[in-house]
Amino acid sequence: MPRVPANALPNASTEARASWQGHARGLTLCLQGCWQGGLAADWPGLPKLPDSPGPSPEPGNAQPAQLDFDATALQSWDLGLAAKLWPLVARWQTQGGTVATGGLPPGLGELLDQALQRLPSAGRPAAQPPPRRPAAALVTLAFFGQVLQASWRTLRGRAGRGNL
């Protein structure tokens, strides 16, 4: 059996961990350790998201609950962490909460921000796709049809002037 170097074994400071902390405006997800390398499926699961975000628990404050992040103890990350966080932040926002990605490392926060802009939120409807232009599609289809017919005539030996 091969020996594993002692420095290759995970310890408490590098093990990937996540925990929830409540605060006056909502919740904070604290990320610690190394969330990089290997299969993301082998990483520990993120803690279950508490109940849906309603208004802030502060009396007299009707602001939606906010999801913050604390990544001060995060040592490293890769796209697998973004994939783990995405369902959590998407669910939070679609249920009416707000997501503040400022506590995440540069790159990871921007990535989630861009993805969140595509989701509907309580005050903003879903992004509408651009209107379809069937006339442009028909012109393109007709052009390719003509090219295909000219190519077929050339292969059959009936090419003439103007066939291509």
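So, how do S1 and S2 run, and how many bridges join them? They run antiparallel, and 7 bridges join them. The link between S1 and S2 is a hairpin through 2 residues.

Before I go on, a word on what we're looking at. This is a predicted model, where local features need pLDDT of at least 70 and side-chain atom pairs count only at pLDDT 80 or more, while totals for chains, interfaces and linings use all residues. Residues are numbered from 1 along each chain as its sequence is written, and side-chain values use heavy atoms, with hydrogens and water left out.

Okay, the overview. We have 3 helices and 4 strands in the protein chain; helices (H or I, at least four residues) and strands (E, at least two) are DSSP runs, numbered from the N terminus. Reading from the N terminus, the elements go β-β-β-α-β-α-α. The protein chain has 164 residues, and 27% of them count as buried. By buried I mean under 20% relative accessible area, with exposed being over 50% and partly exposed in between (1.4 Å probe, protein chains only). As for contacts, meaning heavy atoms within 4.5 Å, take those in the protein chain with a separation of 6 or more: residues 24 or more positions apart account for 64% of them.

Now the sheet. It's open, with 4 strands in the order S1-S2-S3-S4 and mixed pairing. Two strands pair if DSSP finds at least two bridges between them. At the edges stand S1 (17-23) and S4 (98-99); each has a single partner strand, so one side of each is left without a neighbour in the sheet.

Gln66 is the residue opposite Thr98 in S4.

What lies across the strands? Helix H1 (residues 79-94) lies across S1, S2 (26-35), S3 and S4. H1 runs at about 175 degrees to S3, where axes are lines fitted to C-alpha atoms, for helices over the stretch in contact, and angles run from 0 to 180 degrees between N-to-C directions.

Let's zoom in on Thr28, which is in strand S2. Its bridge pairing is with Gln21. Is Thr28 buried or exposed? Thr28 counts as buried because its relative accessibility is 12%. The Thr28 side chain makes a polar contact of 3.2 Å with the side chain of His23. A polar contact here is a pair of N or O atoms within 3.5 Å; within protein, one must be able to donate a hydrogen and the other to accept it, and residues adjacent in sequence count only if both atoms are side-chain atoms. Not counting residues up to four places away in sequence, Thr28 touches Ser19, Trp20, Gln21, His23, Asp68, Phe69 and Asp70.

Next stop, strand S3, where we find Ser76. Ser76 is buried, at 17% relative accessible area. Its side chain has a polar contact with the side chain of Gln36, at 3.1 Å. Setting aside residues up to four places away in sequence, Ser76 touches Gly33, Cys34, Trp35 and Gln36.

Trp77 and Cys34 are 43 residues apart in sequence, yet 6.4 Å apart in space, C-alpha to C-alpha. Leaving out neighbours within four places in sequence, Trp77 is in contact with Trp35, Gln36, Pro105, Pro106, Gly107 and Leu108.

A quick cysteine check. How many disulfides does a search of the whole structure find? The count is 0, a disulfide being a pair of cysteine sulfur atoms within 2.5 Å. Cys30 is buried at 5% relative accessibility, while Cys34 is partly exposed at 27%.

The search of the whole structure finds 1 aromatic pair. That pair is Phe143 with Phe144, edge-to-face, with 5.5 Å centre to centre and 65 degrees between the planes. For the cut-offs, rings of Phe, Tyr and Trp (its six-membered ring) pair if their centres lie within 6.5 Å; planes under 30 degrees apart count as stacked, over 60 as edge-to-face and the rest as tilted. Phe144 is exposed, with 52% relative accessible area.
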